[in-house]
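Reader: I've got this one open on my screen. Can you walk me through it?

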Amino acid sequence: MAFVMALVVTLGSGCRAEPPLEGITVLIEAPPDSLDSRLALTAMGQRLSQLLTPGLVTVDDSGRPVPDLAESFQELSPTLVEFTLRPGLTFHDGNPLTAWDVKATYDSVREPALASPRAERYSALEWVEVKNARTVRFHLRQPFAPLLADLSLGILPARRASAAFKQAQDEAPVGAGPFRFESQPDEEHLALVPFAGYFRGAPAIPRLHFRVVRDETTRVLELLKGRADLVLNALSPATLPALEREPSLRVLTRPGTGLAYLGMNLREGALADARVRRALCHLIDVEPLVTYKLHGLARPAQGLLPRTNWAWAPVSGCRYAPEEAARLLDEAGYPDPDGPGGAPRLTLQLKTSTDRLRRSIALVLREQLGRGGVAVEVRSLEFATFFNDVRRGNFELFTLKWASVVEPDLMRGAYHSANVPSEKNHFGGLNRGALEDAALDALLDEASRVPTPERLRLYARAQERLDELVPVVPLWHEDSVAVVSRRLQDFEPSPHGFFTPLARARQVGP
């Protein structure tokens, strides 16, 4: 990190701005896995596809679904939702967008031939009925309240929806979004241009260039040289003060919905005991980490949901309390063998990625836990290896981050016993620590079936239960941080890290 900061200070004043490309250049840290929202698994793929193929709904800052391509929607019964499309919608190719396109999109995502990784999310959907060109109904097999948020799936033309056109849609997508596809010469470059027929009006930015730059130092230098206009949530907090001093750049922040957490393996060993997990939670002092490692760009967390989420409820949490941690470890059978500073009460291994910030945070956690008698060995692994270990349960402790937390049903994905990674689900389950609690399962299942007011009550109880079980140590919700050039105006970071604010931004100067 010191190396990056030194480069900013040393090269910042010496960098001479170069003539920029026409339009706005956005640097991203990894290529999208797909531009088809039915197929994209990564956050990058989903966020780019939102610019091309919007859905019936989107989500507001609190995570509530709000109309997007739809003009309105109403729940006619617990198993029937009706949408009315906005008048005059058109696709990028000039053809009208109708209820038949909506039906074809949702029929295709459930077709085995498409092999969409999102198909399971629509298992409650029985059929899609077209009432007329602007009215479409979703019939459910059983009540499933989270479906509304999942109806943000990008709508594509019916003629392109079948599996036979899967490659064509992935390589040159057609949608009704604010930007239309122009070119993707290789996986590291993507160009989009404004769509004149966008229902909210054509964006003011004449062209968007997305360029993959994997190295953080290079991203910083590209900004300083004037060869980039936006980097979103892809720079370490330690670089930001120096970038803020650059006249050609601005640093924009707002509270984000992503969650950084310490994961624990509950399958066996010391961490199978909730008293040990709570003790670890009491040994971690989040405030200094937020202040010094994140430069204040985060909010200490008490659970998965940020305070801005409509289903958030207060819980007791586990404040920094080393004495309470010692009591819990004694009670769990891990006494201090020879007093402070001597042999540890227990030893654990913590895995993290090779990212400089994440590794430095892991080293601070090691120090904090060590002061409480929990010795920690930190292993830093290349991300693919690290993530594969996490998916397969090959860890004791790990640090990871949910990129954004929108729908509270994510709690069911992350903590329900049916979602433990296994061969059966191709190790795709999100309950990576393997929490199993029948009472929590029942609360989360019921919350997915009832109307919103009842969901609020059930999610509040679920958050209380999770606070008792401590399946992970919630650390903080990281701010959404954008570094933008002076050429990019009226861009406001989304709390979810979306690129969609680019549709409302404008370019000034050449």
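Author: Here is a quick tour, going from the cores to some single residues. The model is predicted, so to speak of local features pLDDT must be at least 70, side-chain atom pairs count only at pLDDT 80 or more, and totals for chains, interfaces and linings use all residues. Residues are numbered from 1 along each chain as its sequence is written, and side-chain values use heavy atoms, with hydrogens and water left out.

Reader: OK, how many residues has the largest nonpolar core, and which have the most contacts inside it?

Author: It has 70 residues, and Leu 280, Val 374, Tyr 415 and Trp 476 have the most contacts inside it. A nonpolar core here is a set of buried Ala, Val, Leu, Ile, Met, Phe, Trp, Tyr and Cys residues joined through side-chain atoms within 4.5 Å. Buried means under 20% relative accessible area, exposed over 50%, and partly exposed in between, with a 1.4 Å probe and protein chains only.

Reader: Which helix gives the largest share of this core?

Author: Helix H11 (residues 356–371), with 6 residues. Helices (H or I, at least four residues) and strands (E, at least two) are DSSP runs, numbered from the N terminus. Apart from this core lies another, of 30 residues, including Leu 56 and Ala 176.

Reader: Back to Trp 476. Where is it found?

Author: In strand E17. Trp 476 is buried, at a relative accessible area of 1%. Leaving out residues up to four places away in sequence, Trp 476 touches, among others, Leu 259, Ala 260, Val 286 and Ile 361; contact means heavy atoms within 4.5 Å.

Reader: And what does its side chain make a polar contact with?

Author: The side chain of Glu 478, at 3.0 Å. A polar contact is a pair of N or O atoms within 3.5 Å; within protein, one must be able to donate a hydrogen and the other to accept it, and residues adjacent in sequence count only if both atoms are side-chain atoms.

Reader: Which strands is E12 joined to?

Author: E17 (residues 472–485) through 12 bridges, antiparallel, and E16 (residues 397–402) through 6 bridges, also antiparallel. Two strands pair if DSSP finds at least two bridges between them. Ala 260 stands opposite Trp 476 in E17 and opposite Lys 401 in E16. E12 (residues 249–264) is mostly covered, with 13 of its 16 residues buried.

Reader: Switching topic: which residues of H10 are buried?

Author: Ala 325, Leu 328 and Leu 329. They are on the same side of H10 because they cover an arc of only 100° around the axis, where the arc is that of the directions from the helix axis to the C-beta atoms.

Reader: What do they pack against?

Author: The buried residues of H10 pack against helix H8 (274–283), strand E14 (346–353) and strand E15 (374–381). Gly 333 follows H10, and its phi is positive, near 95°.

Reader: Last one, His 496. Buried or exposed?

Author: Buried, with a relative accessible area of 2%. His 496 is in the loop between strand E18 (488–489) and strand E19 (506–507). Its side chain reaches the backbone oxygen of Asp 60 at 3.0 Å. Beyond its neighbours within four places in sequence, the contacts of His 496 include Arg 47, Thr 257 and Ser 404.
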